[in-house]
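These are my notes from a first look through a structure that was new to me. I wrote each entry as I looked the point up.

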Amino acid sequence: MSLQLGLQIALGVIMVVIAIIAVEAKKIISSVIYLSLLSLLAVVGFVLMSAPDVAVTEAVIGSGIVTFLFVFTLIGVNKQTAIKEDSINDLDVHTISPLEGGDIK
Amino acid sequence: MKKLVAVLLVGLMLLLLFINMFDGSLEFNKMDLADVDGNYYAKNPIVSNMVTSVVVDYRSFDTLGEVTVLFVSSLGVAFMLGGLTTRIKFKHDDSFFLRIGVKVLFPIIVIVGVFMFVHGHLTPGGGFPGGALIGGAMLFKYISDSKYRAKISAFKVLEGTMGSIYVLLGIVGILVGNYFLQNILDIGELGNLISGGLIPIIYVLIGLKVGSELTGIFDHFMNEEV
């Protein structure tokens with residue numbers, strides 16, 4: 001077994017594990033970050049398969065822009081829920097604060 | 001007036017399509033598609049980046065479709081979030097280090113993006129990742145400064161102009177050559193910066209269009225209800 005094949009198999013196993021963690025994560029924000037990590041590993045996979053074009057696109061869009069869109073959608077949803085229900089304590093998503101480092105008020 | 005122009009343009013387009021459809025000189029009447037496999041593209045590269053020669057020359061119409069998909073998604077975001085005008089508020093104050101760091105990084109990221117779509121036919125990359133990098137640089141500006149607003153109307157004009165020029169280039173291909181989006185310019189020497197005919201031009205158009213579209217989407221996502 002060549003080194004590259006071994007690397008690809010190890011990468012694939014890690015990616016599957018991270019995908020399962022992303023599905024099973026308690027907080028939605030951790031799930032989003034694990035998805036970003038998954039995209040980052042996919043970039044390595046594409047480079048190993050000698051597809052640099054796809055790797056560049058995946059790096060910019062998969063792990064950069066999609067993460068931003070998810071995070072800011074979560075912030076927006078969270079604020080609207082907080083306004084509507086006036087209490088966010090019984091929601092799992094209430095600790096979403098990627099930029100602030102605390103609860104959103 | 002606008003409706004009249006639109007109807008005239010669509011009519012012209014349909015007329016050209018019908019004329020070309022029953023014209024015997026059309027290329028793909030004679031081409032046997034079963035013979036064309038991946039090796040055909042590998043043996044007849046237009047530019048040195050083989051992916052680009054497939055994406056922007058052999059399958060340029062598909063790329064137009066992809067650009068349209070991104071345009072429609074940006075339209076949808078503007079439709080849903082367009083009414084919001086207040087900038088989203090972060091809980092913390094602006095970080096001094098982040099602001100200065102973004103000031104240093106912003107031109108570098110933009111230049112890498114521009115390099116990526118100008119050299120899209122020579123090196124890996126192209127219009128989509130280059131434009132997305134420019135959009136990401138604008139995103140850094142938004143995150144680092146809580147009062148920053150880009151001039152979205154200028155970006156919208158840029159986006160519309162670039163998309164229209166892409167479609168017009170396709171129609172010029174029908175008028176001058178044989179089919180929609182035909183590469184009518186001289187292909188030149190393989191590997192030069194100025195080579196590949198229309199490919200660099202189309203990639204610059206796509207890069208600017210994708211960058212301004214993504215900036216518009218980010219601006220809409222940065223708004224909130226009061």
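In which loop of chain A does A:S50 lie? I found A:S50 in the loop between α2 and α3 of chain A, where helices (H or I, at least four residues) and strands (E, at least two) are DSSP runs, numbered from the N terminus.

Before going on, I noted the conventions: residues are numbered from 1 along each chain as its sequence is written, while chains are lettered from A and ligands numbered from 1 in the order in which they are written. The model is predicted, and local features need pLDDT of at least 70, side-chain atom pairs count only at pLDDT 80 or more, and totals for chains, interfaces and linings use all residues.

**Two residues with positive phi**

I looked up the backbone of A:S50 and found a phi near 50 degrees, a positive value in a residue other than glycine. Most residues other than glycine have a negative phi. A:S50 is exposed, because 8 other C-beta atoms lie within 10 Å; the cut-offs are 20 or more other C-beta atoms within 10 Å for buried, 12 or fewer for exposed, and partly exposed in between, with C-beta atoms placed from the backbone.

B:L181 sits in the loop between α8 and α9 of chain B, and it is buried, since 23 other C-beta atoms lie within 10 Å.

**The two chains**

For chain A I counted 3 helices and 0 strands, and buried residues make up 17% of its 105 residues. Chain B has 9 helices and 2 strands, which follow the pattern α-α-α-α-α-β-α-α-α-α-β along the sequence. Of the 226 residues in chain B, 31% are buried, and the C-alpha atoms of this chain fill a box of roughly 65 × 45 × 25 Å, taken along the principal axes.

I also checked the contacts with a separation of 6 or more, two residues being in contact if their C-beta atoms, placed from the backbone, lie within 7 Å. Residues 24 or more positions apart account for 72% of these contacts in chain B and for 42% in chain A.

**Where the chains touch**

I found 17 residues of chain B in contact with 17 residues of chain A. On the chain B side, the elements that give two or more residues are α7 (127–144) and α9 (199–221), and α7(B) gives the most, with 7 residues. By class, this side of chain B has 10 nonpolar, 5 polar and 2 charged residues, where Ala, Val, Leu, Ile, Met, Phe, Trp, Tyr, Cys and Pro count as nonpolar, Asp, Glu, Lys and Arg as charged, and the others, Gly among them, as polar.

**The largest nonpolar core**

Which residues touch the most other members of the largest nonpolar core? Of its 45 residues, they are B:I199, B:I202, B:I206 and B:F218; such a core is a set of buried Ala, Val, Leu, Ile, Met, Phe, Trp, Tyr and Cys residues joined through C-beta atoms within 7 Å. The largest share of this core, 11 residues, comes from α9(B). Not counting residues up to four places away in sequence, I saw that B:F218 touches B:G135, B:M138, B:L139 and B:Y142.

**Helices packed on α9(B)**

I looked next at α5(B) and α9(B), which pack at an angle of about 20 degrees with their axes 9 Å apart; axes are lines fitted to C-alpha atoms, for helices over the stretch in contact, and angles run from 0 to 180 degrees between N-to-C directions. The two helices are therefore roughly parallel to each other, a label for angles under 35 degrees. The residues of this contact divide into 11 nonpolar, 4 polar and 2 charged.

For α8(B) and α9(B) I noted an angle of about 145 degrees and axes 8 Å apart. The contact of α8(B) with α9(B) has 10 nonpolar, 4 polar and 5 charged residues.

**A buried threonine**

My last entry is on B:T52, which is found in helix α4 (residues 50–58) of chain B and counts as buried because it has 27 C-beta neighbours inside 10 Å. Leaving aside neighbours within four places in sequence, B:T52 is in contact with B:V47, B:G120, B:H121, B:G126 and B:I199. B:T52 and B:Y203 are 151 residues apart in sequence, yet 9.3 Å apart in space, C-alpha to C-alpha.

How values were computed
Parallel < 35°, antiparallel > 145°, perpendicular 65-115°, else oblique.
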